[in-house]
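Visitor: Hey, could you walk me through this one? I'd like to go bit by bit.
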Amino acid sequence: MAQPTITEQLAKLQFTKDLSELTRTALAGIAQQRTLIAGDIVCREGQSSRELFLIASGHVALDMFVPGRGQVRILTLGPGEVLAWSSIVGNHGSTATGTAVEETHVIAFRDEEFMQLCQSNHDVGYPVMRELAKAISRRLVSTRLQLLDLFAHESA
Amino acid sequence: MSTETTTETEVFLPKAELQSLIDCLLGDGFTVVGPTVDQDAIVYGEISSVDALPRGWTDRQEAAKYRLERRDDDALFGFVVGPHSWKKYLFPPLTTLASAQKTDDGWQMRTPEPDSTKYAFLGVRACELAAIGIQDRVFTGGPYVDPVYDTRRKNAFIIAVNCTQAAPTCFCSSMNTGPQCSSGFDLALTELADGFVIEAGSDAGSSVLVRLATQPISTEQTSQADAARQQAVDQQTKQLDTANIRDVLLGNLEHPRWQEVGAKCLGCTNCTMVCPTCFCSSVEEVSDLAGENVERQRHWDSCFNLSFSYMSHGTTRNTITHRYRQWLTHKLASWHDQFGTSGCVGCGRCITWCPVGIDLTEEVAAIRGNEDYCDLTTGEEA
Amino acid sequence: MNPVSPCLPNADPWLAHTVRIASITDEIQDVATYRLEFVDAAIADEFSFLPGQFNMLYLPGVGEAAISISSDPQQRGVLDHTVRVAGNVTGELARLNAGATFGLRGPFGSAWPIDECVGGDVVIVTGGIGLAPLRPAIHELLNRRDECGQLTLLYGAREPSGLLYTNEFDDWRQRGFDVAVTVDRGTDAWKGNVGVVPQLLDRMPLENPEQTTVLCCGPEVMMWFAARSALGRGVPAERIWVSLERNMNCAIGLCGHCQFGPSFICKDGPVLRYDQVAPLLRVEGF
């Protein structure tokens, strides 16, 4: 089976599937495919991050370092989810370390090219940034559910 | 008892012959229960004589108030309804449902033989007939039949008495349950000054009626009975607007009125205890000291009790506001979904016996004040 | 309409049958599976249940607890209940040993709509002890594997030690269930997914959402968000089913405790169609 093109993959992934074909093609134009093996680090907490990643397949875990506890795993991300958005909406400093937990295919966007695309063409930029906002919103809801500790009553 | 209607016409029973009705029922093995005065209220109790009836007494009722007063006549049924309802006989406040005995072979489970007591209820009002009809649906109309209720109900003989007056708390006309008794009885009486207009509503009723010293009814007696019954219609002032009430209440679950009534309500459970249709109960274990002979006892419970919705990881209805809303929306709204009828018969007991005078008709009217109720069918967050 | 009990309602719904504990399997902390057998052989022959139904387990002198059945409905003679210590009855049950007797009334309640599941894809979304009432559905779907499309189990717990039936996952996978597991809080040893269950649903591919049935059991907030996710993915509301929990006292719709608006959770539920309960799920204290 031939490897699907980036455009084909974008048409299926949650982050990009609702965008217009034109927008997806524009994104594909600045995207790079990358294959990670288990243990590969895609962004490191506290360090500068210059790429936004969209997971096409596989999983990436996010860890935060807590003195005395070490790396605490806060979340595992899977297909269709984005990470390292600090490169776009933050100040480029990663707030967590992203590590591939298995062979993982990601689609990477360089921050300058991504911002350049969104700023120069608002017909692309607005829907893309809206999808990014939706992704952040979903992540926020998931974090709230984690905070609610819904299974606390089941723990001794 | 069969409740088929017969074409029996009305006849007249002189007041002096009412005792023969009681005697007839006692002779047939019935335990006769009727209204009697106890602790300054008209309650239901076992009777064997007309002398036990509240001759010459009436009740004065309003929100949070109940007083007995002397009448200026010797009427036996010249009152409305008191704190008791017939449910205490059909759905007893305390019943043993099952028992368990520990043996060498482990626990042995039993359920008791059905209680063979046959009750004859004397003085059942139209709203109470409706209440019995509603509890019939609750306890015997679904996939599971409650054996305690079913046995007692099948054995019961019902003598209805038409209301000839109404209290300010009565609203049976709004609920379409009265004041006239139209079905669901074995015999029905309308009290006149010197006797009763009496009719049978079932074969069982007819077979008792033929044994009484009745007289043909005169045109005048017929019109007197009509006038007496009409008085109960005319005196009724309280109303409950039932139009679309299910959707109005279930569509207004966040209405600020619930907070207001919740702040007033004491959660005392009086309304549910006096309600003739409320059926909530709990089962408790009653064990001997060795823990080897255990009875499972069912007692009346109330949705106003905090423990009623307890679960190990939290109580569902934590505040009185939640519990009042549960009671009212169940009674007037979800009861329709569950049993195809309202759970309210308009007897007004919950208004009279509420210590702080909460009147459900006022609560519904207040919630209706906001007819612009939200559509909860989408479940979408605002 | 929900499937109804395959057993005729007991002539006397208050009469418990005596059962004996055949064996006890410790699952996780404070959770054990009790295999029960009826002392009366005639009852044993007659007894059957549908996936999702529950029994009232009766410990004389202590009381009753509504416990869902966890075994394969097709495996006649096997009756398992996976029970977490949560109160007086379950606490007392945990002190009993194999061979002890107590009472059982049931089965009660509605069932998972297996007949509506077959022919399409099925996603089971559950958390914690919520997997116990879904285990019979998993067995039933595997029994009818050939009639089903994609079968997926999304299962979460607070931490790895809260995951039930983990030694059965490989068997379920081999027989055709995709099993994805997540925990709210990882541990050093945990190499699996960290995050909440609805997130697994968000990211899983749904090829035929309109032909997909979603079965949910877990905390109401979890089910609400799982349903939102499923709806957002195009699963029709009438194909989403939830199992609700309320205080159950009689199990036969006569005591009033378990009401949830129009529904008695004991006899109309516990398994209810999402669109029929959704409007009330987020009403506080209802």
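Visitor: Which exposed residues sit on the face of α2(A) turned away from its buried side?
Guide: That face carries A:Glu21, A:Leu22 and A:Gly29. Keep in mind that this is a predicted model.

Visitor: OK, and which residues of that helix are buried?
Guide: Helix α2 of chain A covers residues 21–29, and its buried ones are A:Thr23, A:Arg24, A:Leu27 and A:Ala28. Looking down the axis of α2(A), you find these buried residues within an arc of 140°, so they line one face of the helix.

Visitor: Why would residues a few places apart point the same way?
Guide: An α-helix has 3.6 residues a turn, so residues three or four places apart end up pointing the same way.

Visitor: What covers the buried residues of α2(A)?
Guide: The cover includes the helices α1 (6–10), α4 (111–120) and α5 (122–148) of chain A, along with the strands β1 (31–36) and β8 (104–110) of that chain.

Visitor: Switching topic: how many residues are in contact between chain B and chain C?
Guide: On the chain B side there are 53, in contact with 45 residues of chain C. The area buried between the two chains is about 4200 Å², and carbon and sulfur atoms give 58% of that.

Visitor: How many salt bridges are there across that interface?
Guide: The rule finds 1. B:Arg296 pairs with C:Glu64, and their closest N and O atoms are 3.3 Å apart. As for polar contacts across the interface of chain B and chain C, the rule finds 20 residue pairs, both residues being at pLDDT 80 or more.

Visitor: Which element gives the most to the side of chain B that touches chain C?
Guide: That's α11(B), with 9 residues. By class, the side of chain B that touches chain C has 22 nonpolar, 18 polar and 13 charged residues.

Visitor: Now B:Thr319, where is that found?
Guide: B:Thr319 is in the loop between β13 and α11 of chain B.

Visitor: Last one: is C:His139 buried or exposed?
Guide: Buried, with a relative accessible area of 12%. C:His139 has its place in helix α4 (residues 135–143) of chain C.

Visitor: What is C:His139 in contact with, leaving aside its neighbours within four places in sequence?
Guide: C:His139 is then in contact with C:Ser71, C:Asp72, C:Trp172 and C:Arg175.

Terms used:
Residues numbered from 1 in each chain as written. Chains lettered and ligands numbered in written order. Predicted model: local features only at pLDDT ≥ 70, side-chain atom pairs only at ≥ 80, totals over all residues. Heavy atoms only, no water. Buried < 20%, exposed > 50% of the residue type's maximum accessible area, 1.4 Å probe, protein only. Helix = DSSP H or I, 4+ residues; strand = E, 2+ residues; numbered from the N terminus. Arc of directions from axis to C-beta. Contact = heavy atoms within 4.5 Å. Buried area = accessible area lost by both parts, 1.4 Å probe. Salt bridge = Lys/Arg side-chain N within 4 Å of Asp/Glu carboxyl O. Polar contact = N/O pair within 3.5 Å; in protein donor to acceptor, adjacent residues only side chain to side chain. Nonpolar A, V, L, I, M, F, W, Y, C, P; charged D, E, K, R; others polar.
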